[in-house]
Amino acid sequence: MSSTSTQSSNLQLTRCTSFLLPQSPTSPSFIIDTKNRSYRHQYSNMYFTRLAMLKQPVIDRASAKWKGLPGKPVFVRRVLDVVKSQLCWIIGTIYMDMPLKPNVLEDLGRDYSIPPPPPREKFHSDDDAVMLEDESGRVKLVGERLHSTRLVTGVIIAALGMETASGDFEVVDICYPELAPFKEADLSGDDNMDVDDCSSSEDEYLAVVSGLSMGDPSSGEAQVQMLVEYLTGETGGPDDQKLASQVTRLIIAGNSFSRVWTDNTDEGDENRPIQRKFGSAAQARFSTHPNVTLSAHLQDLASALPVHVLPGGDDPAGVILPQQPFPRAMFGKAAELESFRCETNPVWLRIECDSKSNSAASNGARLSTSSGQKLIRSVLVTSGQPVLDMYQYLPSPPSTHLWIACSTLKWRHLAPTAPDTLWCHPFRERDPFVLGETPDLYIVGCMPEFGTQLVGAESMDGKRSRSCRVVLVPNFSETGCLVLVNLRTLAVRCVNFIVAGMVAGGANSMEEQARDMQEG
């Protein structure tokens, strides 16, 4: 998109609106209240709770899938009660035994006089072993079926097979919980469109951006300023302003700030070490300029439309998941506006489209919703840490960030690798990352590339019905990409911001990606 200053003087536009509704009982809050704010509990409680919450859905799926198979496989409730050479199926939690995975005990015991090796980008190897465990114990899974299956620690599955003479369990088939039920009524009609080519004047859009990276010397603040002016209707031609007026709210999905970087040398002399205080390894260079600049942008945005801000992995917030909301006081005058909201990461949002719009668009056709039934969308947003963590422990190709995000819906768990390799709070009585319902829209921020896909719910008879829209939102500082999601059709489109003389990685291929997805 270009920052054209030509505007129509007689263009009168009114911003579309949407409403934020209370959360449903099956979409729990990620706020850590006083009751759960304790670190005395063991993390093993989370695995037991997760297995208890997902065991019955897996039993239902496996019973329907394997009913009537030759040999009449039986369900063995404890993995240690399996009888040799008997066809059966068991349920448990996957544990990946990976020799290359970082080990805290080995790190504490290593010789610190020797520099550590550079960190690995991937931790999978041919020596990885797959284990299945429950309350009784653990059994090793083997078989050709596992070679075509990509699993991570923490996933709850049912495995069909039999125990071998060596005591391993040879797997012939695997069953997942699959998608949880949808809670909101489906009024959107056809959902086969991936990229939105034409929009109706009554369609409401949800704008999503992530990875602004304020304070990074390599990030373009001019692009952020263009983004603000576009969403507030201060730039672009008539078509751009018309589309911007249909944006009902903005979600900033993590990494609004860049990481605080350190330097081992002074600015005046590159060879002279910096002055260290209190034994610190390096002097951090920190400036309040990024926070002041971001607060000013947020004030402009929140004055025009509702804004939701999530913390991310690079932001000055707690590292463990779920990340708690930013303190509102750090955003200056923007915090005084009711339209500005600091959210947890992850967060559930229930958004109701404006009731004044009594029709919905689908591939150019108008679908009436005048029956009085309101169009409500369930939106799940995360800043991407679980997907990025799982990506390190899966082979790629064939595993991609989009495939991992879609798989978390079928696994019914947002962050299965927590707490094994992903830091999280030690919940005792519940696992908030278990999906009790499937959202209409699942947004994953801070991704290296844009992507979108429809994930369909498969019924017991094998037929696909309703789908969830999965959207990967790339880092804005690298791509200049703003993602718009049509709340009525769940169609997706990208708006790219490019400043002359600046090259944002991936920005040139964004339109080609969208065109390829449309043709496919």
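The model is predicted, so to speak a computed one: local features need pLDDT of at least 70, side-chain atom pairs count only at pLDDT 80 or more, and totals for chains, interfaces and linings use all residues. Residues are numbered from 1 along each chain as its sequence is written, and side-chain values use heavy atoms, with hydrogens and water left out.

**The chain as a whole**

Let's begin with the overall picture. The protein chain holds 9 helices and 22 strands; helices (H or I, at least four residues) and strands (E, at least two) are DSSP runs, numbered from the N terminus. Of its 520 residues, 51% are buried, where buried means under 20% relative accessible area, exposed over 50%, and partly exposed in between (1.4 Å probe, protein chains only). A contact means heavy atoms within 4.5 Å. Among the contacts with a separation of 6 or more, 76% join residues 24 or more positions apart.

**Inside the protein**

In soluble globular proteins, nonpolar side chains tend to be buried together. A nonpolar core is a set of buried Ala, Val, Leu, Ile, Met, Phe, Trp, Tyr and Cys residues joined through side-chain atoms within 4.5 Å. Which members of the largest core touch the most other members? They are Ile90, Leu141, Ile157, Phe169, Tyr442 and Val470, out of 57 residues. Helix H7 (residues 401-411) gives the most to this core, with 6 residues. A second, separate core has 35 residues, including Tyr205, Val224, Ala244 and Ala302.

Helix H4 (residues 238-245) has Gln241, Leu243, Ala244 and Ser245 buried. Their cover includes helix H3 (221-231) and the strands E8 (205-209), E9 (247-253), E21 (481-486) and E22 (492-496).

**The largest pocket**

On a 1 Å grid over the protein atoms alone, a pocket is an open set of points where a 1.4 Å probe fits, with protein on both sides within 12 Å along at least five of seven lines; lining residues have an atom within 4 Å of a point. The largest pocket has a volume of about 1200 Å³, a volume being the space filled by probe spheres set on the points, which are joined across faces, edges and corners. Its lining has 38 residues, with Arg259, Gln385, Asp389, Gln392 and Leu422 nearest the centre. Helix H6 (385-391), strand E18 (441-447) and helix H8 (476-479) each give two or more residues to the lining, and H6 gives the most, with 4 residues.

Most residues other than glycine have a negative phi, and most peptide bonds are trans.

| Residue | Phi | Relative accessible area |
|---|---|---|
| Lysine 72 | about 45 degrees | 71% |
| Cysteine 446 | near 60 degrees | 5% |

Lysine 72 is exposed and is found in the loop between helix H1 (44-66) and strand E2 (74-75). Cysteine 446, by contrast, is buried and belongs to strand E18.
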